[in-house]
Each structure stands twice: as C-alpha cells, then as structure tokens.
Amino acid sequence: MDWFPLWNSLRIAAISTFIIFFLGIWAAYGIAKLPRLVKGVLDVILTLPLVLPPTVVGYLLLRVLGPKRVVGAFILSVFGVKLVMTWWSAIFATVVVAFPLMYRTARGAFESFDETLAFAGQTLGLKNSYIFWRIRMPACRQGILAGTVLAFARALGEYGATSMIAGYTPGRTATVATTVYQLWRTDNDALAFRWVCVNLAISAVVLLAVNFLERKEKNRPARLRKEAA
C-alpha cells in the first residue's frame, strides 16, 4: 500500500491550515470592526466558496492560475513556475475552500469578546499588539480552535477543487480523496475501502482531540478556583 496520498494530504492540509489561521484571524478581526453594510458585503464575498460547488471553485482557480491565464502566464514567464498540476497547487484550492470556516468562527469569537477587557489593558498602558495576543486571543481561543480544526478537516478531505487544479498523478499529486475516487473508478473497491478507513480514522482522531480540548477548557474555571482556594 503506497502511503504517498496520506502524506500528501497531511502536508497540504497542514500548510493550508497554517495560512488560513493567520489570514482568517486577520480578516475576521478587521472586518468585525467595520460598519454593518461593508461587513455584509465582505461577508458574502469571503464566504462564497463555502456555498459554491468545489468544482466551480476549481474552475475559477484554473481561470486565474492556468498557464494561459493572466496570473498563471505571468508567473510562468517570469519565474518559470507552473501553478497548476503540482502537489502544492492543491494548497490554492484548500485555502480558498476552507478559509470561510476559519473566518466565520473567528469573527464570531471576536464579536463576542468583552471589549472592556481591551479598554482596561489600554488604560494600563499596554500595547495593542500585547492586548491582541495576550488578552483577546486567549479569550477567543474556543472559536479560534474550532475554526482551525474545521479548516484542517475540510482541507484534508477536499476533492472537487483539488482534482481540477492539481489533478491525479500517483506519487506526485495524489491525495486520499482523489485516490479513493480513482480506485473506485477502476473497480479496486478493496483498496478504496482501506483508504476510506484511513480517512475515517484521521477524522475520528481530530474530533476526539477537539472534544478533549473543549472539555479541558470547560474544566479550567473550576480548576482555577480550586487552585485559588
């Protein structure tokens, strides 16, 4: 059993989640402070990939990043780098598709934050960067954590946009999702079922980790009161 699809899926999901984490936090924090009308328009634009069929997202990415399109042709002519049909091409697809999950959950967490905590920090002379990373982020960690895990899980299981922009080449661009489809298409049900089991196991581990962290967070106030007593 060739384990390349699993390794490729994990590295694509990890890199995508790293990008989405900072990009989603930046967008969520900035947009949460905007007027309602502007916020509504940007919400529609940034959340659109969540409701679009993944194949449509893949098609739009090909229209932008293809070797004969504006961006793709420019990168190819200047740097000699082809943006499609490589393993890292899937990162473009997974970032676009999974970004709304991180953005929406992070924005909801920031909007529920008690701003009086930030104002108190400002009166103490704390810098805004310190307040953000040491006060706001810890207070919003549940939403941030949920968005991060959801983005990772979505990136790990992405198929539609990935198959269009990265294709399927064994040992080069294959992911777990594209491998399952190709094995099913070639009537190799036994191996396809193995990969399905692998995907189910990974998903179960991710969900168990989330439940563990949530339980730990819920028990934190009681633990702090016990230590204080």
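Predicted model: local features only at pLDDT ≥ 70, side-chain atom pairs only at ≥ 80, totals over all residues.
The protein is built from helices. Eleven helices are present, with zero strands. From the N terminus on, the order of elements is therefore α-α-α-α-α-α-α-α-α-α-α. Along the principal axes, the C-alpha atoms fill a box of roughly 65 × 40 × 30 Å. Contacts between residues at least 6 apart in sequence were examined for their range. Of these, 71% join residues at least 24 apart.

The mean pLDDT is 86. A value of 70 or more is reached by 93% of the residues. Among the elements, α1 has the highest mean pLDDT, at 92. Helix α11, residues 189-228, has the lowest, at 72.

Burial and surface composition were computed next. Of the 229 residues, 37% count as buried. The accessible surface comes to about 13,400 Å². Carbon and sulfur atoms account for 68% of that surface. Side chains include 25 positive and 11 negative groups. The centres of the two sets lie 5 Å apart.

In soluble globular proteins, nonpolar side chains tend to be buried together. Here, the largest nonpolar core has 35 residues. Within this core, I25, F110, I144 and I165 have the most contacts. Two or more core residues come from each of α1 (4-32), α3 (54-65), α5 (89-111), α7 (128-139), α8 (141-156) and α9 (160-165). Helix α5 gives the largest share, twelve residues. The surroundings of I165 were also listed, leaving out residues up to four places away in sequence. I165 touches L61, L62 and L65, as well as V84 and M85. Another core lies apart from the largest one and has 13 residues. Among them are L6, A13, L183 and V206.

Most residues other than glycine have a negative phi. Two loop residues have positive values. M85 lies in the loop between α4 (70-79) and α5. Its relative accessibility is 38%, so M85 counts as partly exposed. D187, also not a glycine, has a positive phi near 65 degrees. D187 lies in the loop between α10 (176-185) and α11. D187 counts as exposed because its relative accessibility is 68%, above the cut-off of 50%.

Conventions
Residues numbered from 1 in each chain as written. Heavy atoms only, no water. Helix = DSSP H or I, 4+ residues; strand = E, 2+ residues; numbered from the N terminus. Buried < 20%, exposed > 50% of the residue type's maximum accessible area, 1.4 Å probe, protein only. Contact = heavy atoms within 4.5 Å. Areas by Shrake-Rupley, 256 points an atom, 1.4 Å probe, with all protein chains shown as cover. Lys, Arg positive; Asp, Glu negative; His and termini not counted. Charge placed at Lys NZ, Arg CZ, Asp CG, Glu CD. Core = buried A, V, L, I, M, F, W, Y, C linked by side-chain atoms within 4.5 Å. pLDDT = per-residue confidence, 0-100.
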